[in-house]
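Here is a quick tour of a single protein chain. Have the model open while you read.

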Amino acid sequence: MQKPARGRLIGSLVAAGFGLIYVLVNSWPLPSAAAWAVRIAAIALATVTAGSVAVGAVRAPDGPGDADAPPPRLARGYWLIVAGEVAALFGGLAVINGLLDAPHAGVAWVSLVVGAHFVPMARLFRLAFFHLIGAVIGACGIAGLVFAALQSSGEVTAVVAGVLPGLVLLGFAVWGSTRWWVTPQTAEPFP
């Protein structure tokens, strides 16, 4: 089996955590049975991811020569992207909640910013599938903003801009955390 990259495992765990939060917080407008089904599915996906990360971490390379350790340029670029994301999140939410008095649009703004942050992340880490994640989550955010403008209750916005992006994050988290199971062996074999 291939040794998984620590960065991919950590990224999968982060995606699972945020995806789970997205689903749990935003599934309230769904009918009771559907809400519980989505929540249970989200918990199951997050659990699979966490279990796969735990097993994959045992097989990941260790030590100071870890090939997965990011060069300083990557670490600096990552933190710049995160800082920009945080500024956009809080600045936009301040406008949405204060100036526009549209708190139900907040989740859509969060999805738009999260989706947009994957674009520079894709370039930084040279991961083309980040463009797909960003496009889908960003599109959910844009659709959510449209629904928020049309609907005062925020029910459709919560599902479109909250539950759907959460499930996307959870799906990619499972995929990223389990790829070491299915990827052809390119590293030294695990004893």
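## Ground rules

This is a predicted model, so keep its cut-offs in mind: local features need pLDDT of at least 70, side-chain atom pairs count only at pLDDT 80 or more, and totals for chains, interfaces and linings use all residues. Residues are numbered from 1 along each chain as its sequence is written, and side-chain values use heavy atoms, with hydrogens and water left out.

## The whole chain

You're looking at six helices and zero strands, which reads as α-α-α-α-α-α along the sequence. Helices here are DSSP runs of H or I with at least four residues, strands are E runs of at least two, and both are numbered from the N terminus.

Of the 191 residues, 39% are buried. Buried means under 20% relative accessible area, exposed means over 50%, and partly exposed is in between (1.4 Å probe, protein chains only). The accessible surface is about 10100 Å², and 74% of that belongs to carbon and sulfur atoms; areas come from the Shrake-Rupley method with a 1.4 Å probe. As for contacts (heavy atoms within 4.5 Å), take those between residues at least 6 apart in sequence: 78% of them join residues at least 24 apart.

Helix 1 covers residues 6-26, 21 residues in total. From first C-alpha to last, helix 1 reaches 30 Å, close to the 30 Å expected at 1.5 Å a residue; the expected span is 1.5 Å times one less than the number of residues.

Which residues of helix 1 are buried? They are Arg8, Leu9, Ser12, Ala15, Ala16, Gly19, Tyr22, Val23 and Asn26. They sit on the same side of helix 1 because they cover an arc of only 150 degrees around the axis, taken from the directions from the helix axis to the C-beta atoms. An α-helix has 3.6 residues a turn, so residues three or four places apart point the same way. Over on the other side of helix 1, Ile10, Phe18 and Val25 are exposed.

Leaving out residues up to four places away in sequence, Thr49 touches Ser12, Leu13, Ala16, Leu170, Ala173, Val174 and Ser177. A polar atom of the Thr49 side chain also lies 3.4 Å from the backbone nitrogen of Val174.

Ala54 belongs to helix 2 (residues 32-59) too, but Ala54 is partly exposed, at 47% relative accessible area. C-alpha to C-alpha, Ala54 is 8.8 Å from Leu9, although the two are 45 residues apart in sequence.

Definitions and conventions:
Polar contact = N/O pair within 3.5 Å; in protein donor to acceptor, adjacent residues only side chain to side chain.
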